[in-house]
Amino acid sequence: MDKRNKKYFNNEKKLQTDIKHLLLTETFKMSLSIANGKCAAFKTDNNYSYFDLFAGNGEFGNGEQGSPLLVYDIMANHLNSRNYFKNLRMILTDKEVANIKNLNKLLSIKEKQTNDNRIQYIAEAKDWELCSNDIKKCLNASSWGFVFADQYSTELHLQPFIDLLQDSCRLKDVLAFYTYRTLSRQHGRACDNDVDRICKTLNITKEQFETEDFSEKFQSQLIENYSKLKEFIIGVSFPTTVNKKLITADYFYLVFATNSLKLVDSFLNAYEKALKLYGNYAPQHKLFENEDMLNIIIDSNSKNLSELFIYITKNFLSWKNIINNHLFVPTSDYLINKIQELSVQGKIKISAPEEFLYKNDSTKFKKAEISKSRKNMEQLKIEVIEKSSQGKLFP
Ligand SMILES: C[S@@+](CC[C@H](N)C(=O)[O-])C[C@H]1O[C@@H](n2cnc3c(N)ncnc32)[C@H](O)[C@@H]1O
């Protein structure tokens, strides 16, 4: 067994993997359930596919399950409930032959246990980039689905990944994992080889790479690239532990891309849950009172709800920020309620097309309609009337 392969086999499950798996499973469950409902309502293509490009060997040193098996369990449960899909498919790649061999073994055990042949899987021992044409065909063969890209550090080349998904993921959600620590460390003392790898991971040029503020560039580059695919892009960071103590640093980063605001919320709720569960830290809402919201609207210069939502998710969803500022996790539901409250109190003025406002009270808007899409959120214009008494909330 070569050194690299050994590393993958001895993989002890770490805190960051727990967090990653929690976010994957909660979001995947919701993605499948929303797709199931929509598909049943519209009577469209009734297949749903899960893609795991860096599938791993299916298990960890302590016997816990890897991502493909966790997803298999969710699919099996789903089939026993109100399932509309004819088939649930899994397309899995890992470039190590030994990993795929083990994964196939574990999946066939599951298959026997569930005794249900509606979950079809294919696990290929290949570098995903070398079979991207085949993966693209599978993407196009099923409208609904979920794509998970779980690299170790600089193994996911962003441009080919965007090319793979472009025009093939309209109704699919995308989750990608980045080890920010590795990227920033390599950025600090990069040799030519590292520069090349980081540029490919973030889809940046060598000139862009030389920017001093790597942290800013890192986030904005990812968000910009994923925005080519989807309406809502959420990036969250989380820490790791050393000697069972939390390290106050953004080590890992997950990007989630979707067109569904409901899914954004379920991703953010899972993030909040992970912070409470593993970080032993409960995000507090107390700082985010109406006064704070006014300051944030002013600071961000947001003209509508969509701009505000993007600003807040982009600027405050760092674990470091959450710990230091006791910020909350800004689900769209929470934001929409706050805006409504401020409007009713006369602190902001809202305007929107007639159909979004209540006829008898134009300080109130129809929350369900507004939260349907980013386009609708854009149409809810906001303007601060009563300037906050305090200065800027965050330096
Ligand atoms: C972090 S592990 C995946 C863990 C897995 N997703 C889980 O949660 O159980 C990354 C895997 O990617 C595989 N890998 C690395 N580069 C790859 C590539 N270009 N194509 C496919 N697999 C790759 C490695 O062999 C390794 O098993």
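This is a predicted model: local features need pLDDT of at least 70, side-chain atom pairs count only at pLDDT 80 or more; totals for chains, interfaces and linings use all residues.

Reader: Which residues are the closest to the ligand?

Author: Phe 54, Gly 56, Gly 66, Ser 67 and Asp 150 are the closest, out of 18 residues that surround the ligand.

Reader: Okay, zooming out. How many helices and strands does the protein have?

Author: There are 17 helices and 13 strands. The protein has 395 residues, and 38% of them are buried.

Reader: And what share of the contacts is between residues 24 or more positions apart?

Author: That share is 75%, taken over the contacts with a separation of 6 or more.

Reader: Let's do helix packing. At what angle do H2 and H3 pack?

Author: About 30 degrees, with the axes 10 Å apart; H2 covers residues 15-42 and H3 covers residues 67-79. Angles under 35 degrees count as roughly parallel, so H2 and H3 are roughly parallel to each other. The crossing of H2 past H3 is right-handed.

Reader: Which residues make that contact?

Author: H2 brings His 21, Leu 24, Thr 25, Phe 28, Lys 29 and Leu 32, while H3 brings Ser 67, Leu 70, Val 71, Ile 74 and His 78. By class, this contact of H2 with H3 has 6 nonpolar, 4 polar and 1 charged residues.

Reader: Nice. What about H3 and H4, how do they pack?

Author: H4 is residues 97-114, and H3 packs with H4 at an angle of about 15 degrees, their axes 11 Å apart. H3 and H4 are therefore roughly parallel to each other, and their crossing is right-handed.

Reader: Which residues of H3 and H4 are in the contact?

Author: On H3, Pro 68, Leu 69, Tyr 72 and Ala 76; on H4, Leu 103, Leu 106, Leu 107, Lys 110 and Thr 114. The contact of H3 with H4 divides into 7 nonpolar, 1 polar and 1 charged residues.

Reader: Back to H2. Is H2 roughly parallel or antiparallel to H11?

Author: H2 and H11 (residues 261-278) pack at an angle of about 150 degrees, with their axes 9 Å apart. That makes H2 roughly antiparallel to H11, because angles over 145 degrees count that way. H2 passes H11 in a right-handed crossing.

Reader: Who's touching whom there? And how do the residues of H2 with H11 divide by class?

Author: From H2 the contact includes Leu 15, Asp 18, Ile 19, Leu 22 and Glu 26, and from H11 it includes Lys 262, Leu 263, Phe 267, Tyr 271 and Lys 273. By class, the contact of H2 with H11 comes to 12 nonpolar, 3 polar and 4 charged residues.

Reader: Where is Asn 203?

Author: In the loop between helix H8 (192-202) and helix H9 (206-209). Asn 203 counts as partly exposed because it has 17 C-beta neighbours inside 10 Å.

Reader: And Asn 301, buried or exposed?

Author: Exposed, because Asn 301 has 9 C-beta neighbours inside 10 Å, and 12 or fewer counts as exposed. Asn 301 lies in the loop between helix H12 (290-300) and helix H13 (305-316).

Reader: Why is Leu 308 called buried?

Author: Because it has 23 other C-beta atoms within 10 Å, and 20 or more makes a residue buried.

Reader: Last one: where's Thr 240?

Author: Thr 240 sits in the loop between strand E6 (232-238) and strand E7 (241-242). Thr 240 counts as partly exposed, with 16 C-beta neighbours inside 10 Å. From Thr 240 to Phe 252 is 12 residues in sequence and 7.8 Å in space, C-alpha to C-alpha.

Methods
Residues are numbered from 1 along each chain as its sequence is written. A residue is near a molecule or strand if its C-beta atom, placed from the backbone, lies within 6 Å of it. Axes are lines fitted to C-alpha atoms, for helices over the stretch in contact, and angles run from 0 to 180 degrees between N-to-C directions. Helices (H or I, at least four residues) and strands (E, at least two) are DSSP runs, numbered from the N terminus. Angles under 35 degrees count as roughly parallel, over 145 as roughly antiparallel, 65 to 115 as roughly perpendicular and the rest as oblique. A crossing is left-handed if the near helix is turned anticlockwise from the far one by less than a right angle, and right-handed if clockwise. Two residues are in contact if their C-beta atoms, placed from the backbone, lie within 7 Å. Ala, Val, Leu, Ile, Met, Phe, Trp, Tyr, Cys and Pro count as nonpolar, Asp, Glu, Lys and Arg as charged, and the others, Gly among them, as polar.
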